[in-house]
Amino acid sequence: MKIRHLAKAFTLAATVAAGPVLAADDEVVIGLSAALSGGAAGTYAAPAEGLKLYIDRLNEAGGINGKTVSLVIYDDQGDASRAASNGKRFLTQDDVQLIISVSTSATFAPLISQATRQGVPILFAGSVCPAETMPPAEPLLYCSTGFSSVHDSIAMVDYLRELDGDATVGFAAMGIPISRAGMEEAERIVLGADMKSAGVEIAPPGTADYTPFATKLIQNGAEAVLAWSPWSVQIRFFDALRKQGWEGNAFVGHLAEAELEMMEIKDPGLYTVGSNAMIFEDSKATQDLVAAVTESGVDLHPEAIVDGWLGGIVIEEVLGKLGDDTSAEAINAVMSDIEIDTRGLRGGSIKWTENNHFRETIYYRVYRWSDETGAMEIARDWKAYEVE
Amino acid sequence: MSNTETGIGKIAPVRAVAKGDGGNRTAWMGLIVLLALVPLVASPFHLDIASQIFIAAIGALALMVLTGIAGQISLGHGGLMAAGAFTTGILYKETGAGIWITLPASVVAGAVIGLIFGLPSLRLRGVYLAMSTLALHFVVIYLGGEYEFASGASTGIFLDPPVIFGYELYDGQAWYYALFLLVAGTYWGCSNLLNSKTGRAWEALHANETAAEALGVQVARYKLLAFVITSGIASFSGALFAYYQSFVSVEAFTLFMSIQYIAMIIIGGMGSLTGALLGAIFVTLVPYCIEWLMETVPYLGLDISTASSASHAAFGLLMILFLVFEPSGLIGIWKRTVARFSSQSKKEGVQ
Amino acid sequence: MQIVANIVVLTSLYALVASGYVLVYKVSRVLNLAHGELMILGAYLLVATSAGITSDPLIAIALTAVFSIIVGLSVYLLLMREMTGQPVLAAVLTTVALGILLRGAMVLIWGPQQLNVASMLSFENASVVLTDSIRVSTASLWLVICTVVVYLGLLAFLHMSRWGMRMRASGQNPLLAAQRGINLHTVYALAWTLSTFSGSIAGVLVALDSRLDVNMAVIGLKAFPAALVGGLDSLHGALIGAGVIAVLEVLLIHYVNPLLSDVVPFLVLIAILIVRPWGLFGTKEELNRV
């Protein structure tokens, strides 16, 4: 299934030059660099598949505005060097007009440095939004995903204050720059709001046992803990806290794994704060998504693909606004001034302007497991935050 | 006992191979001309792979000299490359320094780190030494991560293409030629070094340290010299990596990278500079070949989601096969093949 | 006080893993760099048995123990046996390669996702209240108990049983041992089997305590300084080395900078090795020094 599609993507490494994938007039070539395999695939493979599924359905329906999408997919394994290689291939060989990234933050730098030089826009559609997409935004870089370390932190602290304004808050981060930056920002916000901090604990990437980190947070009197890092790390932090009998509430980022894992953990003290809708609520939007997945016969969990699906919606809307000129430049012009209807999968639209490639207003929802109903529940409905 | 402890001398007769490298001049010239013509026909993707091989080759040559010739094991090779890449990245970002400053600075930084982490080698050997070089990796990555975080470079440090004599080195073909020349230069430098007094001292202390000392070789001096020189080269290749890929981040330099370099010198053939080149080619190509195989042979039942783990597994398996069945590496296979053909042609000549 | 409990638990983990390094090194002078992967393989074997053979946790764990013994034995018979007589470095690099192979194979078989082994086995990893201020998880408690049992068992085995004596003799002087009629292959196979077995216990308990993914093989790397600090051929050295590293790591996390907890153990390792190249309790190996 995947293989067939990728056949176009792979050229023979051992034989003589393969020709570039030439775009027909009515075809837009988009490169997708994703962590399809490797350690991070647990998070990113599903959204990437979701995006591909969306685009396939668009093409089958005859394209958008008379244009079809040729999606060139390369696996970057969440690895920086592979991503650099993919970027070069997209730009020099496949002549893509847009690059989509669904991979770890480690792959951002190589992709950004390659693409910006060639004037090709990048859409981050499965991972954390890089700071470069936020105001003042760098040209060419756009982000459609539901999470950003700083804004998620703002929303987490805000919700925490609604619940318990006097709580002493501890912060759990992973030793990668983007996670540290988010949690240190969260601590600043907490201190600025006259709440007490139990400190930021940063676990190195190769941590074997999170217990000592959790102990420190507990001993510093943390009544609530905020965590923002890859799911596997935030959840291990949470486990370590609970194992020491800690009974506070934990607020974690809403990542692709969140819904499925929370239904297994069944802990009402674990809150996810994020901007994607969950599948359990069975709204029109989520029903459509689930139906599409079922129909495709692909072995995917609908819960895990929401960000990729939204990436597909973004592509559809951008191409819908695109005129006859399908160059990278024209695509970038459309993207820098557009409002995308998120069709019920988010709290509101994604609006990009010249200066803001993240969105003008971001909507957050809080989810948790409810013991009373024995199901997931919305702890707080959509709340809008202006992005400055 | 001394042989089994220090180890690797057995794998390949060092002197013989090192000398044999200089051998067939016409064949070498032919190869160089052929390689110089590659960019005229290759696609950008293939040129990119070639450039990756060249950068790996420089690093592999350094490790070959250190481990294959001087007999000092290092698991910190990835850390050294990171050190070079970060020196270049930080200098560029903080001062805007050009390539004529950043590259020498990276070499010096690598040499200094090599000196520091070479010091334990005066006391330690074998696996103990390998473990102490592991610390190098963790220290460099820690410092690099702290810099990235402190400077707000949450996605890494970006580099613009280097400018050489007013010409911006960006195009894939230009990089190909530049790196090609640098590999040739490194190879030439290393082979000259091996034929000098220093090279002979290294071989002596590799074969038997106590005997070398008895023969008047200043063991401590030459050991440190091996660490300093090869670390400088490794760091240099890290800086080239940074420029070529236009970015630096800690995530690009994993422990697995150090293991890949060790695999290059094993698979290539211990003790041979040409082996280092062959190893660099082989190890760089493995993942691409695996993916290609998965493409062309769909019946394997593997799909793209397994590409990374399949190439990991294949890589481990290949390393094992070479270690168990072909300890003299690709260069050993090559020599046997050549020997067979030349003995056959001799026979025919006689008849 | 909780810190003390944390140190004890971490010491047990590192000691249990380090015992695997020591067993193989003691008899054959080979440092098994695939030990971390073999340990995680133990945990994955538990996943496989509990999913495929039996849902009873105790039987599953017993079966896993049997499988881990088979794994250890086959690693020696199929691979490391080929490397006897080869330079030690070649053997060590073979274990590196084995580690990479296992890592790739485990992801191929069980996928990259993090697995919640405790819930798969319906093992409730409850928090156990030891005193008012000290709580540990059930699995951690088992880890400490198993480490004590394994160490007592190994020490008794090495010093009191006939095969234990043979193992020590082969480690001290293989040539002499062989002349005395000790079958070195049997001894080496025994060491690999015991090492994989104790590693699998560690892997299973760690997986029950937190969760399981392939990256957890990194624990093997972290237990390294422990084995080396203590001296690679000394079992009680490994225990003390594990203590040193665990104290260092927990105190760094608690009082200094947690990010240093990755770096400092290796720097301490270098410092100790420079003073005592054979570790705190290791046998001085004349040939290993300049």
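Visitor: Is Cys289(B) buried, partly exposed or exposed?

Guide: The model before us is a predicted one. A residue counts as buried under 20% relative accessible area and as exposed over 50%, with partly exposed in between. Cys289(B) has a relative accessible area of 33%, so this residue is partly exposed. Cys190(B), with 4%, is buried.

Visitor: How many disulfides does a search of the whole structure find?

Guide: To call a disulfide, one looks for two cysteine sulfur atoms within 2.5 Å. Over all chains, the search finds one. Its partners are Cys129(A) and Cys143(A), whose sulfur atoms are 1.9 Å apart.

Visitor: Which parts of chain A does the pair Cys129(A) and Cys143(A) tie together?

Guide: Cys129(A) lies in the loop between β4 (122-124) and β5 (141-143) of chain A, while Cys143(A) belongs to strand β5 itself, so the link joins parts that are 14 residues apart in sequence.

Visitor: Is this disulfide of Cys129(A) and Cys143(A) left-handed or right-handed?

Guide: The torsion about the S-S bond tells us. Here the torsion is about -75°, so the disulfide is left-handed.

Visitor: Are Cys129(A) and Cys143(A) buried or exposed?

Guide: Cys129(A) has 3% relative accessibility and therefore counts as buried. Cys143(A), at 0%, is buried as well.

Visitor: Let us turn to strands. Which way do the residues of strand β8 of chain A point?

Guide: In a regular strand, side chains alternate between the two faces of the sheet. Strand β8 of chain A covers residues 224-227. Ala224(A) and Leu226(A) point one way, Val225(A) and Ala227(A) point the other way, and all are buried.

Visitor: In which sense does β8(A) pair with strand β6 of chain A, and with strand β9 of chain A?

Guide: One looks for bridges between the strands and for their sense. Strand β6 (residues 168-174) and β8(A) pair in the parallel sense over four bridges. Within this pairing, Gly170(A) stands opposite Val225(A). Strand β9 (residues 249-253) and β8(A) also pair in the parallel sense, over four bridges. There, Ala227(A) stands opposite Val252(A).

Visitor: Finally, which residues of chain A does the UniProt domain annotation cover?

Guide: An annotation comes from a record, in this case an unreviewed UniProt entry, which gives "domain: Leucine-binding protein" for residues 28-370 of chain A. In the model, that span is 41% helix and 21% strand, and its end C-alpha atoms lie 45 Å apart.

Definitions and conventions:
Residues numbered from 1 in each chain as written. Chains lettered and ligands numbered in written order. Predicted model: local features only at pLDDT ≥ 70, side-chain atom pairs only at ≥ 80, totals over all residues. Heavy atoms only, no water. Buried < 20%, exposed > 50% of the residue type's maximum accessible area, 1.4 Å probe, protein only. Helix = DSSP H or I, 4+ residues; strand = E, 2+ residues; numbered from the N terminus. Pairing = 2+ DSSP bridges. UniProt positions renumbered as here; feature names shortened; annotations may be inferred.
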